[in-house]
Amino acid sequence: MFDLFYDPIAIIEITEAAKWYNLQQEGLGDQFISEVEQLAFYIGLNPLLFPQKLISIRQAPLKRFPYVILFLVEDKQVFITSVFNCHQNPGKKKFRIR
């Protein structure tokens, strides 16, 4: 198991998305957080299963929500840099991982 670390920006992105989903439907934001946590757990088990999209950044898609988790692997550590909404401009994704 790899150690997981969340960038503060990723935490903000998760929180804001959960708030938005809860406004759409009560409890939906909690489901979003649960899916993020579950995927992060699987990333921690074997992050190398997920494709490398940029030089050193890997990407794991959520199943139910249009988001991807962007992360960096160093030694036995995983750094989640962003939880990115796929409906946004992809250029923002590149900016967030620098």
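**A walk through the fold**

Met1, Phe41, Tyr42 and Leu45 make a nonpolar surface patch of about 420 Å². Leu45 belongs to helix 2, which covers residues 28–45. Its relative accessible area is 42%, so Leu45 counts as partly exposed. This is a predicted model.

Now step back to the whole chain. The protein has 3 helices and 4 strands. Starting at the N terminus, the elements follow the order β-α-α-β-β-β-α. Of the 98 residues, 40% count as buried.

Helix 1 spans residues 8–24. At 1.5 Å a residue, its 17 residues should span 24 Å. The C-alpha atoms at its ends are 25 Å apart, which agrees.

Which residues of helix 1 are buried? They are Ala10, Glu13, Ile14, Ala17, Ala18 and Tyr21. Viewed down the axis of helix 1, these buried residues fall within an arc of 130°, so they line one face of the helix. An α-helix has 3.6 residues a turn, so residues three or four places apart point the same way. On the other side of helix 1, the exposed residues are Pro8, Glu16, Lys19 and Leu23.

The start of helix 1 holds a further detail. There, a side-chain oxygen of Asp7 comes to within 2.8 Å of the backbone nitrogen of Ile9.

What does the side chain of Glu13 contact? The side chain of Ser82 makes a polar contact with the side chain of Glu13, at 2.9 Å. Ser82 sits in strand 4, residues 77–85. Ser82 and Glu13 are 69 residues apart along the chain, yet 7.3 Å separates their C-alpha atoms. Is Ser82 buried or exposed? Ser82 has a relative accessible area of 0%, so it is buried.

Most residues other than glycine have a negative phi. Asp75 is not a glycine, but has a positive phi of about 55°.

Definitions and conventions:
Residues numbered from 1 in each chain as written. Predicted model: local features only at pLDDT ≥ 70, side-chain atom pairs only at ≥ 80, totals over all residues. Heavy atoms only, no water. Helix = DSSP H or I, 4+ residues; strand = E, 2+ residues; numbered from the N terminus. Expected span 1.5 Å × (residues − 1). Buried < 20%, exposed > 50% of the residue type's maximum accessible area, 1.4 Å probe, protein only. Arc of directions from axis to C-beta. Polar contact = N/O pair within 3.5 Å; in protein donor to acceptor, adjacent residues only side chain to side chain. Patch = residues over 30% accessible without salt bridge, like charges linked within 9 Å, V, L, I, M, F, W, Y side chains within 5 Å. Areas by Shrake-Rupley, 256 points an atom, 1.4 Å probe, with all protein chains shown as cover. Salt bridge = Lys/Arg side-chain N within 4 Å of Asp/Glu carboxyl O.
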